[in-house]
Amino acid sequence: MGLILPKQTLSRRKLLQWSSLVGGSFLLNGCSSSWGVSQINQWTEPLNQSIQQLIVSQRSVPEFAANQIEPNSLLINSFNGAPDIDLKTYRLTISGEVNNPIQLSLGEIQALPMTSMIIRHVCVEGWAAIVQWGGIRLTDLIKLAQPKDDVRYVYFKSADGYYESWDLAASLHPQTLLAYQKNGEPLPQDNGAPIRLASPIKLGYKQSKWVTEVILTKQLMTEQGYWEDRGYEWFAGL
Amino acid sequence: MEEAKKSTKKPKAPKQDLLAKVFHWINIISLLIMASSGLRIYNANPVFGGRAGQDFPDFLLLGEGLADGRVWHFAAMWIYAINLLIYGLYIFITKRWKNRFAASNDLKALQASANAKRKIFAGHKIVYTVIIPILLLAIVSGVVMYKPAQLHWIASLFGSWQVLRTVHFLTIPIVLGFTFVHSFLALKFGGIRLVKSMFV
């Protein structure tokens with residue numbers, strides 16, 4: 001197998017190259033090999049990120065009215081299907097560079113002050129939906145855990161193995177929620193029950209579903225997020 | 001030097017400012033990158049029909065997947081936008097907009113002029129004047145989708161997200177159609193020499 005497989009991949013690659021020549025688009029496709037993209041990304045991602053950080057603010061994004069909610073526009077995405085979570089034993093932990101690591105049951109989370117917002121959820125794929133999310137402010141939870149002074153990033157781990165990392169500013173934004181309610185109903189399993197991230201200032205893939213762990217860190221690690229590690233932008237601000 | 005000798009023999013070739021030539025080159029190349037990477041993004045969730053919608057074929061697309069397409073799109077947007085900005089400053093500083101772009105007398109000429117050449121010229125001026133707001137609309141509708149939360153006040157002008165996506169997409173067929181009409185009218189008015197003068 002080991003001997004055959006590389007040979008097959010090579011010939012397939014050749015075939016693809018030839019087919020693009022035949023298609024007359026060899027110029028464009030030649031650029032699309034990953035060297036070009038990563039080189040360009042090295043130049044433009046820091047530029048684009050600094051502009052995004054410049055225009056983002058801690059002020060709330062204006063919200064929509066209840067009659068503007070688009071219940072059918074919110075599509076379901078996951079990388080590996082919805083995990084089964086036992087709600088009785090479910091715990092949300094906040095740990096990492098904090099003075100007071102905490103662990104909360106669903107009852108304890110729902111006893112905290114609830115925030116509701118109607119915002120536009122924007123997917124990297126190009127679609128968007130106006131959604132109502134209800135939950136607790138992530139900033140309240142982070143305050144409870146008393147982060148150390150030099151914390152800069154927040155990591156999120158999910159029950160399905162998904163992982164994400166955010167800049168601290170976006171995590172402290174007043175509309176960044178750990179949500180347990182969607183469009184006035186308890187959050188459905190496919191949308192990330194019991195707890196998911198929801199925010200108007202980040203693309204959908206930043207808004208992890210089925211969150212079980214929040215970890216505050218001083219640095220960004222090599223692993224930045226499921227999609228980020230597959231070529232997608234890390235900051236992904238809206 | 002040889003070029004200069006040639007041009008003295010033939011009837012005088014139209015002369016264009018260097019900036020007009022540079023603008024045309026950069027505009028065409030950056031628009032090709034914007035459109036081919038833009039259609040790659042389109043395919044992730046077609047504007048028309050969503051997940052059930054029709055995809056664009058691979059040979060038209062730049063980048064191997066959505067992530068690649070976005071990298072190209074958000075890199076080329078700078079080149080496209082800065083080129084357009086420099087060109088805009090240039091036509092205002094040199095007052096080029098006064099005689100090279102359409103004015104009310106061109107509309108009159110189009111309706112009433114007996115001179116066929118004057119009519120083509122007037123029509124052509126109107127065509128390439130009208131494309132300027134379309135090129136700007138491509139930037140505005142794109143930037144609003146890129147940062148809809150920070151630019152929510154512009155986003156709300158478009159009504160819905162679907163309108164925003166449709167408008168942004170439509171700039172491709174409009175610009176494509178314009179390119180044909182623009183080239184055709186230039187050919188008709190000044191022949192291949194006029195078209196060439198805008199590039200070399």
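User: Over the face of which ring does Lys117(B) lie?
Analyst: A charge counts as over a ring if NZ of Lys or CZ of Arg is within 6 Å of the ring centre and within 35 degrees of the ring normal. Lys117(B) is placed at 5.5 Å from the ring centre. The ring belongs to Phe189(B).

User: What should I know about the model and its numbering?
Analyst: This is a predicted model, where local features need pLDDT of at least 70, side-chain atom pairs count only at pLDDT 80 or more, and totals for chains, interfaces and linings use all residues. Residues are numbered from 1 along each chain as its sequence is written, chains are lettered from A and ligands numbered from 1 in the order in which they are written, and side-chain values use heavy atoms, with hydrogens and water left out.

User: What average pLDDT does chain B have?
Analyst: pLDDT is the predictor's confidence in each residue, from 0 to 100. In chain B, 94% of the residues score at least 70. Residues 1-8 of chain B stay under 50. The average for chain B is 89.

User: How many residues apart in sequence are the parts tied together by Phe23(B) and Tyr87(B)?
Analyst: Rings of Phe, Tyr and Trp (its six-membered ring) pair if their centres lie within 6.5 Å; planes under 30 degrees apart are stacked, over 60 edge-to-face, the rest tilted. Phe23(B) and Tyr87(B) are stacked, at 3.7 Å centre to centre with 10° between the planes. Phe23(B) is in helix H2 and Tyr87(B) in helix H3 of chain B, so the pair ties together parts whose separation in sequence is 64 residues.

User: Is Tyr87(B) buried or exposed?
Analyst: Buried means under 20% relative accessible area, exposed over 50%, partly exposed in between (1.4 Å probe, protein chains only). Tyr87(B) has a relative accessible area of 8%. So Tyr87(B) is buried.

User: Where does Trp210(A), with its positive phi, lie?
Analyst: Most residues other than glycine have a negative phi. Phi of Trp210(A) is near 55°. At 2% relative accessibility, Trp210(A) is buried. Its place is the loop between E9 and strand E10 (211-217) of chain A.

Technical notes:
Helices (H or I, at least four residues) and strands (E, at least two) are DSSP runs, numbered from the N terminus. Contact means heavy atoms within 4.5 Å.
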